[in-house]
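Me: I'm new to this structure and would like to learn how to read it. Could you take me through it feature by feature?

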Amino acid sequence: MRILHVVPSFGLGGMEKIISAIIESTADHYEHSVLSLDGCADAAVWIKHNTQFLKFERPLSRRLFFGSLFKALGLSHPDLLMTYNWGATDAIGRIRRPTSQASVLPLRASDMLVCMPLPLM
């Protein structure tokens with residue numbers, strides 16, 4: 001299963017530490033990718049397993065931002081999309097389309113204890 005973690009930033013913070021721990025503890029069973037909406041991937045130093053960090057340059061205009069986000073999500077083909085706070089929830093609207101095969105499970109890092117795929121709605 002391919003899991004895409006969409007975050008506003010992947011700097012050296014608490015949320016990033018939790019995401020890194022989840023990736024590390026499940027990397028033998030799942031393929032993880034991280035999409036940082038500001039391009040920061042400093043917390044990648046906490047991840048030893050092979051994890052893909054998607055390139056993303058945030059355009060200044062909101063319309064171009066959604067186009068770029070839609071393209072990045074389309075290229076990653078996740079089975080499960082994880083978002084962690086309001087800054088990353090824009091991704092939910094982009095992946096919720098009739099042709100999508102991805103389940104969407106928006107959570108705050110503080111809510112996340114166990115992550116299970118949800119059936120498509």
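Me: Is serine 20 buried or exposed?

Reply: The general idea is a cut-off on relative accessible area: buried means under 20%, exposed over 50%, and partly exposed in between, using a 1.4 Å probe and protein chains only. Serine 20 has a relative accessible area of 2%, so it is buried. A word on the source: this is a predicted model, where local features need pLDDT of at least 70 and side-chain atom pairs count only at pLDDT 80 or more, while totals for chains, interfaces and linings use all residues. Residues are numbered from 1 along each chain as its sequence is written, and side-chain values use heavy atoms, with hydrogens and water left out.

Me: Where does serine 20 lie, and which residues is it in contact with?

Reply: Helices (H or I, at least four residues) and strands (E, at least two) are DSSP runs, numbered from the N terminus. Serine 20 lies in helix H1, residues 14-26. Contact means heavy atoms within 4.5 Å. Leaving aside neighbours within four places in sequence, serine 20 is in contact with Phe10, Ala43, Trp46 and Ile47. Also, a polar atom of the serine 20 side chain lies 2.8 Å from the backbone oxygen of glutamate 16.

Me: How do I read the rest of H1, and which of its residues are buried?

Reply: In H1, the buried residues are Met15, Glu16, Ile19, Ser20, Ile22, Ile23 and Thr26. They cover an arc of only 160° around the axis, which puts them on the same side of H1; the arc is that of the directions from the helix axis to the C-beta atoms. Gly14 and Ser25, on the other side of H1, are exposed. The buried residues of H1 pack against E1 and E2.

Me: What length is expected for H1?

Reply: The expected span of a helix is 1.5 Å times one less than its number of residues. H1 has 13 residues, and the expected 18 Å is close to the 19 Å from its first C-alpha to its last.

Me: What about H2: which residues are buried there, and which are exposed?

Reply: Helix H2 covers residues 62-76, and its end C-alpha atoms are 21 Å apart, which agrees with the 21 Å that its 15 residues should span. Its buried residues are Phe65, Phe66, Leu69, Ala72, Leu73 and Ser76. They cover an arc of only 130° around the axis, which puts them on the same side of H2. On the other side of H2 you'll find Arg63, Lys71 and Leu75, which are exposed. Just after H2, histidine 77 takes a positive phi of about 50°.

Me: On to strands. How many bridges join E1 to E2?

Reply: Two strands pair if DSSP finds at least two bridges between them. E1 and E2 run parallel and are joined by six bridges.

Me: Which residues does E1 bridge to in E4?

Reply: E1 and strand E4, residues 80-83, pair in the parallel sense over four bridges. Isoleucine 3 stands opposite leucine 80 in E4, and histidine 5 has methionine 82 as its bridge partner there. As for E1 itself, residues 2-7, five of its six residues are buried, so this strand is largely enclosed by the rest of the structure.

Me: How are the two faces of E4 covered?

Reply: In a regular strand the side chains alternate between the two faces of the sheet. In E4, Leu80 and Met82 are buried on one side, and Leu81 and Thr83 are buried on the other.

Terms used: Polar contact = N/O pair within 3.5 Å; in protein donor to acceptor, adjacent residues only side chain to side chain.
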